[in-house]
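Hi,

Here is the model I said I'd pass on. Have a look, and my notes follow below.

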Amino acid sequence: MENYSINTNCVQAGYTPANGEPRQIPIIQSTTFKYDTSEDMGKLFDLEANGYFYTRLQNPTNDHVAAKIAALEGGSAAMLTSSGQAANFFALFNICESGSHIVASSSIYGGTFNLIAVTMKKMGIDVTFVEPDASEEELNAAFKDNTRAMFGETIANPALTVLDIEKFAKVAHEHGVPLIVDNTFPTPVNCRPIEWGADIVTHSTTKYMDGHGAAVGGCIVDSGKFDWMAHADKFPGLCTPDDSYHGITYAEKFGKEGAFITKATAQLMRDFGSIQSPQNAFILNLGLESLHVRMPRHVENGQAVAEFLEAHPKVTKVNYSGLKSDKYYELAQKYLPNGGCGVVSFELAGGRDAAQKFMKNLKLAAIETHVADARTCCLNPATSTHRQMTDEQLEAAGIPAGLVRMSCGLEDKKDLIADLAQALDQI
């Protein structure tokens, strides 16, 4: 599939049926698998043979879909998880342990920020957050002897900052650690972080990859390019024998291309069990088959809505990297020449009250906590997800009370703009 375009791989990669086999990826809705002898099963437990013995670790349906996403991102291996949050946790915890340190962009999804800053801190893993626009010198200053990973989002949710992947990768590699990039919003259709130096890519497949609000899930893709053994002292989990798997050293046995995902599957999925259900993987694959068709429409609608809002007198600011006035326009032209996504955020004059009136009068756009769906949805953080904060606290957090996040779906852009216009008229 390496010779096919990403458009073809969205449809064809990951599963090729043999003569007489199902054309569609089969749903293997089974918790366990039968073997003729204990010796056959024993080879699986020893990681000496390929196969399946319990869906908590692996399932054929999931692996077909993971292989497709690996092909789309240009990676060597991939695994599905139960959610995007699980994907980010596994990607980090696979190379971190108590006493480790992470450098992360401060402009990331709030749930991921909390995962790293609070939950993983309780596990003894420290973090230094850096501004996404930090200089190389500032990024270098954040690293410590115990730093094991660098993390950021291609397009941050909901700040919509654009990550300078090449710069972050350069600094990470100078310190002998991998760059992990959450590529949920652009998807590989609009950006392939591995081509810019990222080592691990994660996704909340719940968003554009599924695209229909039907199945929660996540994915981790390994580029297969980071040389773990060259930095063996930093990554003992990959570069020293694993006593829980008969002394296997993952980086030696499976090489750069397979060590990371094999360890995450054999160790973390075994112990945490955050598997994606085969049914959800099947639904995800249906979404992937049209991803290359849907993303251009999301971008077209996002661009049209952003341009309309920028010209409206009741809107004080619009965040969308496709606008020439946007702070990240030039960076987006480099990494996202075909556009980023359909998510736009904007601030209304009149603050919280104006946002509430605006949201109340929307007719087509639904009020939801979701984003990246076929259907357009909106959210005002001040009156929903962040309603416990005062206006002053919201301002300090970079989420003004009048901020609205809009995820443009696949409807006609003229209808979306008409809906926005009539709701703004009633403020």
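Strands β8 and β9 (residues 343–348) run antiparallel and are joined by 4 bridges; strands here are DSSP E runs of at least two residues, helices are H or I runs of at least four, and both are numbered from the N terminus. N319 has S345 in β9 as its bridge partner. This is a predicted model, where local features need pLDDT of at least 70, side-chain atom pairs count only at pLDDT 80 or more, and totals for chains, interfaces and linings use all residues. Residues are numbered from 1 along each chain as its sequence is written, and side-chain values use heavy atoms, leaving out hydrogens and water.

The open sheet has 5 strands in the order β8-β9-β12-β11-β10, with mixed pairing (a pair needs at least two DSSP bridges). At its edges are β8 (315–319) and β10 (366–367), each pairing on one side only. Helix α15 (residues 351–360) packs on the sheet and touches β9, β10, β11 (377–379) and β12 (403–407), contact being heavy atoms within 4.5 Å.

Elsewhere, α3 (residues 60–73) and α12 (residues 278–288) pack at about 35°, their axes 8 Å apart (axes are lines fitted to C-alpha atoms over the stretch in contact, with angles from 0 to 180 degrees between N-to-C directions). Among the residues making that contact are V65, I69 and L72 of α3 and F282, L284 and L288 of α12. The contact residues divide into 8 nonpolar, 3 polar and 1 charged (Ala, Val, Leu, Ile, Met, Phe, Trp, Tyr, Cys and Pro count as nonpolar, Asp, Glu, Lys and Arg as charged, the others, Gly among them, as polar).

Cheers
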